[in-house]
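Here is a short briefing on one protein chain. Keep the sequence and the 3D view side by side as you read.

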Amino acid sequence: MGKLCSIIIDGDNSVNITSLRLVENLAILTFLTLNLINCNVLMRGVRFSFEHIGKKVVLKPLSPREVNKDQNKMRMKRDEERKIEKKKEKERKKINEKIKSMEKLFEEFKYVFSKDVPHGLPPLRATLPNWAAYWTNLEESQEIQKQVGKLIEKGWVRESMNPCSMLVILVPKKDGTWRICIDCRLINNISVRYRHLIPCLDELLGELHGS
């Protein structure tokens with residue numbers, strides 16, 4: 001089953017016993033039976049052999065060094081599982097604390113949110129642009145992939161399946177490197193412009209003069 005376990009076989013007993021933890025971890029099916037299981041066990045020195053479904057199985061015991069190594073490996077694995085579980089528990093507590101703090105914040109400022117929520121998203125005003133990418137040679141394609149990969153690693157951008165796509169173009173710098181630029185003209189053409197532009201700083205200072 002691809003899982004490591006330890007089983008102790010005592011040659012002086014007629015019954016071999018394993019722990020309940022082993023049965024639960026390996027999801028071994030157990031059942032109650034009153035019938036004896038035919039198993040011919042032969043002890044030859046330090047090895048145990050028996051027949052199972054017509055096949056001969058030989059069990060070779062571990063040496064003391066191998067037993068110690070096996071126990072240490074299982075102990076390290078259990079310690080690692082406990083550390084992971086403690087880490088997950090801390091993360092769950094942090095998430096629950098954040099959720100509670102957000103609930104308190106929403107309750108405090110619930111008057112800000114309108115009760116009349118529109119159904120669905122607003123209708124599309126235009127067709128979203130989804131043009132083919134600009135033609136690039138091999139060097140430019142590799143440079144674009146390199147820079148986009150760095151942005152993804154830093155968490156500044158992420159992969160998206162959005163049908164709206166912006167075109168990418170490389171612009172050379174003075175030092176010979178490339179600057180990646182986004183051509184947003186297509187999306188700007190269908191964007192709704194603000195009727196009231198943001199005033200300039202000089203205009204604000206002029207209005208405040210003498211006040």
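Which pattern does the chain follow, read along the sequence? The pattern is α-β-β-β-α-α-β-β-α-α. That gives 5 helices and 5 strands. Helices (H or I, at least four residues) and strands (E, at least two) are DSSP runs, numbered from the N terminus.

This is a predicted model: local features need pLDDT of at least 70, side-chain atom pairs count only at pLDDT 80 or more, and totals for chains, interfaces and linings use all residues. Residues are numbered from 1 along each chain as its sequence is written, and side-chain values use heavy atoms, leaving out hydrogens and water.

**Burial**
- Of the 211 residues in the chain, 7% are buried.
- Buried means under 20% relative accessible area, exposed over 50%, and partly exposed in between (1.4 Å probe, protein chains only).
- Leu59 sits in strand β3 (residues 55-59).
- Leu59 has a relative accessible area of 32%, so it is partly exposed.
- The C-alpha atoms of Leu59 and Ser49 are 6.1 Å apart, with the two residues 10 apart along the chain.

**Helix α3**
- The 17 residues of α3 should span 24 Å at 1.5 Å a residue, and the end C-alpha atoms are 25 Å apart, which agrees.
- The expected span is 1.5 Å times one less than the number of residues.
- Glu143, Ile144 and Gln147 are buried in α3.
- Down the axis of α3, the buried residues fall within an arc of 100 degrees, so they line one face of the helix.
- The arc is taken from the directions from the helix axis to the C-beta atoms.
- Leu138, Gln145 and Glu153 are exposed, on the face of α3 turned away from its buried side.

- Strand β4 (residues 167-172) runs antiparallel to β5, joined by 6 bridges.
- Strands pair if DSSP finds at least two bridges between them.
- Pro172 has Trp178 in β5 as its bridge partner.
- The hairpin has 5 residues between the strands, and Gly176 takes a positive phi near 95 degrees.

**Second largest pocket**
- The second largest pocket holds about 470 Å³ of space.
- A pocket is an open set of points on a 1 Å grid where a 1.4 Å probe fits, with protein on both sides within 12 Å along at least five of seven lines; lining residues have an atom within 4 Å of a point.
- The lining has 14 residues, with Val148, Val157, Arg158, Glu159 and Ser160 nearest the centre.
- α3 (138-154) and β5 (178-183) each supply at least two lining residues.
- The largest share, 3 residues, comes from α3.

Notes:
Grid points are joined across faces, edges and corners, and a volume is the space filled by probe spheres set on the points.
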